[in-house]
Amino acid sequence: MTPQLNDKLRDRVEHEKSAHTEDDILKKNIELKGLFPHLSVSPTMQRLEKDFHLYLENVKGLRILDLGCGYGEQSLDLLQRGASVSGIDISQKYIDHTIKEAHKFNFSKSSYDFRVMDAHALDFSDAIFNLVVGRGILHHLDLKVVMGEIHRVLKTGGKALFLEPLAANPFLKLFRVLTPHARTKDERPLSPEDIRDIENSDWHVQNKYYGLISAPVAIFSSVFLRPFADNFLLHLADSIECRVNLIKTLEPLNQYVLLNLIRK
Ligand SMILES: C[S@@+](CC[C@H](N)C(=O)[O-])C[C@H]1O[C@@H](n2cnc3c(N)ncnc32)[C@H](O)[C@@H]1O
């Protein structure tokens, strides 16, 4: 059964809707990343993307939900690889764009379904998806409510894969404070308590962390070594980070967590 939302949560969803429709925060975020290009192409980010795609290697024939699909880039990639994809987002603008792209690439209409929908109250039956994926979505939502919904729509043994920003790194906190125009007022990068809550609930969890050292270095390098996107510093940061990240207590200081969850 889909949950009843309280007024506070409904207000939050309305703010997200207008921030992503009238203000196009997603576009501003993409533009901000363009100012610091080494953040997206560093060896660490390449490692992250490789890991992410490894989890999505055999998707042919699977029924997948892309939560907060934005402009639909990931949904289209999954369609391309033979999955059947439902993509939902709170912004009509992003859903219109995604449907247009799906038409353009001539995917069979029976293989996709893109709809405006609140992730806290999914309009899907129980246990119908093999996989739920999302990039940068959980931190816009009430975690307890949405994790319940994801659990409900997944089949037993189904998987959920999320890439989310983390809250604790002081340097990245400062970066966020200095760039408020690229964020919504209610978004909250995940805290160690949030991760613990997910780990304590109805999931088998295997998380990976990225960007402890490489993210600050990539910001520095984007400014001072801009023409050299494949520089020594970025490689050094990545190799130090791989070792330092073996220390569990430092995990929350990373830029991103890749949550790889299996529904119990
Ligand atoms: C940071 S963007 C990420 C978009 C996309 N996954 C990507 O990687 O480009 C967050 C997305 O979550 C959507 N969103 C925010 N609140 C939502 C909600 N309550 N239900 C569904 N989507 C929501 C926004 O409209 C936006 O597209």
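Arg183 sits in the loop between helix H8 (170–178) and helix H9 (192–200); helices (H or I, at least four residues) and strands (E, at least two) are DSSP runs, numbered from the N terminus. Keep in mind that this is a predicted model: local features need pLDDT of at least 70, side-chain atom pairs count only at pLDDT 80 or more, and totals for chains, interfaces and linings use all residues. Residues are numbered from 1 along each chain as its sequence is written, and side-chain values use heavy atoms, with hydrogens and water left out.

**Arg183**
- Arg183 is buried (under 20% relative accessible area, 1.4 Å probe, protein chains only).
- Its side chain has a polar contact of 2.8 Å with that of Thr179 (a pair of N or O atoms within 3.5 Å, where one must be able to donate a hydrogen and the other to accept it; residues adjacent in sequence count only if both atoms are side-chain atoms).
- Leaving aside residues up to four places away in sequence, Arg183 touches Ile25, Asn29, Leu32, Phe175 and Arg176 (heavy atoms within 4.5 Å).

**Phe232**
- Phe232 belongs to helix H11.
- With a relative accessible area of 63%, Phe232 is exposed (over 50%).

**Helix H5**
- In H5 (residues 73–80), the buried residues are Gln74, Ser75, Leu76, Leu78 and Leu79.
- Those residues pack against several elements, including helix H4 (43–55), strand S1 (63–67) and helix H6 (92–104).
- After H5 comes Gly82, with a positive phi near 95 degrees.

How values were computed:
Lys and Arg count as positive and Asp and Glu as negative; His and the chain ends are not counted. A salt bridge is a side-chain nitrogen of Lys or Arg within 4 Å of a carboxyl oxygen of Asp or Glu.
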